[in-house]
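Subject: Structure handover

Dear colleague,

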Amino acid sequence: MSDALLEVAELTVRFGGLIALSGVTFSVTKGSVHGLIGPNGAGKTTAFNLISGMTAPSSGTVRLGGATLDGLPTYARTARGLARTFQNIRMFREMSALENVMAGAHLGTAESLGAILCRLPAFRAQEKQAIKWAREILSLVGLADQAERPGGDLAYGDQRRLEIARALASDPKLLMLDEPAAGMNPSEKLGLIDLIKKLRARGLTLLLVEHDMHFVMKLCDRITVLNFGAKIAEGAPLDVRTTPTVIEAYLGTKVARGLEVKA
Ligand SMILES: Nc1ncnc2c1ncn2[C@@H]1O[C@H](COP(=O)(O)OP(=O)(O)OP(=O)(O)O)[C@@H](O)[C@H]1O
Ligand SMILES: [Mg+2]
C-alpha cells in the first residue's frame, strides 16, 4: 500500500491566456509536514484552490487516500478529510471564537429540519457534543481561554490560530495551511511551529505554503518548489536549500546559506 495521503498528478489550470499551474505532480506522505514554496505568483494558492475543489482544473487529477477527488465539490472533499486555511484570514468577526470553530465543523448525521425546529432532545444532545468538540479544539490550539471572545477581537496571532481551529473542526486527515505565519511576530511564529509539530505528532498530515524560509526549513519533512506554475525542485529541506535553480528562482544565495534545516 502507498504511504501517500495526497497525490496530485499532472495538475494544470489556465486562466484565459495564463497557465497558472502546469503539469504539477507531487505526493504528500501520511503523517508528514510537506512544504509548497516558491515566489509570488508561482501558483501555490492556485494549487490549494484546485486540491480543495474551489477551482476546477483544466486537466490532471487529485487523490486522497487512494480515492479520486476529481469533480467533487468542496464540501464533499471536506467530508473525505481535507481542510484548509486561507492566505487572508476568513472568519465571522462578530461571532465568538467557539462559534467560529463550530461553524467549521462538518455535521456527520444532520438532524431533520423538523427535529431542529422543535429542538428535540436528539438535536440538543448533538449541539452539546458540538460545543464539547469545539472546546477541545480551541484548547488544542491554545485558545481555551478565548472561547467566548468575538473572533475579530483576538490578537492577530490568535486569529491565525483560530483559522487553524476552524479547519480542524471537520476532523481532517490532511490540513492545508496557506501562509499561516504571515504577519506574525517571532514569538507567535515559534508558538505556531510548536502547534504544527503537535498536530503532526497526533497523526495529522500537513501541506504548508509559507514564505518564511526559516519556518519552512525547520518544520518540513519534504518540500516541493514551484516557479511560474511549474515544479522546479523537490526533496528534503537540505537538498532543496542547495539546489541551484531554487536559489536562483527564489531563495537567493545569502538566505540559502543562513537557513537552519529540520534535524
Ligand atoms: N482566478 C484567477 N483568475 C486569473 N488569474 C489568476 C486567478 N487565480 C490566480 N491567478 C494568477 O495565477 C498566478 C498564480 O497565483 P497564486 O495566487 O496561485 O500565486 P501564489 O504562489 O499563491 O503567490 P503568493 O505567494 O503571492 O500568494 C498569478 O499570476 C495569479 O495572478
Ligand atoms: Mg498565495
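The lining of the largest pocket draws at least three residues from domain 1 (1–81 + 172–263) and at least three from domain 2 (95–171), the bounds coming from an automatic or database domain assignment. This is a predicted model, in which local features need pLDDT of at least 70, side-chain atom pairs count only at pLDDT 80 or more, and totals for chains, interfaces and linings use all residues. Residues are numbered from 1 along each chain as its sequence is written, chains are lettered from A and ligands numbered from 1 in the order in which they are written, and side-chain values use heavy atoms, leaving out hydrogens and water.

A pocket is an open set of points on a 1 Å grid over the protein atoms alone, where a 1.4 Å probe fits, with protein on both sides within 12 Å along at least five of seven lines; lining residues have an atom within 4 Å of a point. The largest pocket has a volume of about 400 Å³, the space filled by probe spheres set on points joined across faces, edges and corners. Among its 19 lining residues, Thr74, Thr78, Arg84, Phe86 and Arg166 lie nearest the centre.

The second largest pocket, of about 280 Å³, lies between domain 1 and domain 2, because both give residues to its lining.

Ligand 1 has 14 residues around it, with Gly41, Lys44, Thr46, Gln87 and His211 coming nearest; a residue counts as near if one of its heavy atoms lies within 4 Å. An oxygen atom of ligand 1 is 2.9 Å from an N or O atom in the side chain of Asn40.

Yours sincerely

Methods: Polar contact = N/O pair within 3.5 Å; in protein donor to acceptor, adjacent residues only side chain to side chain.
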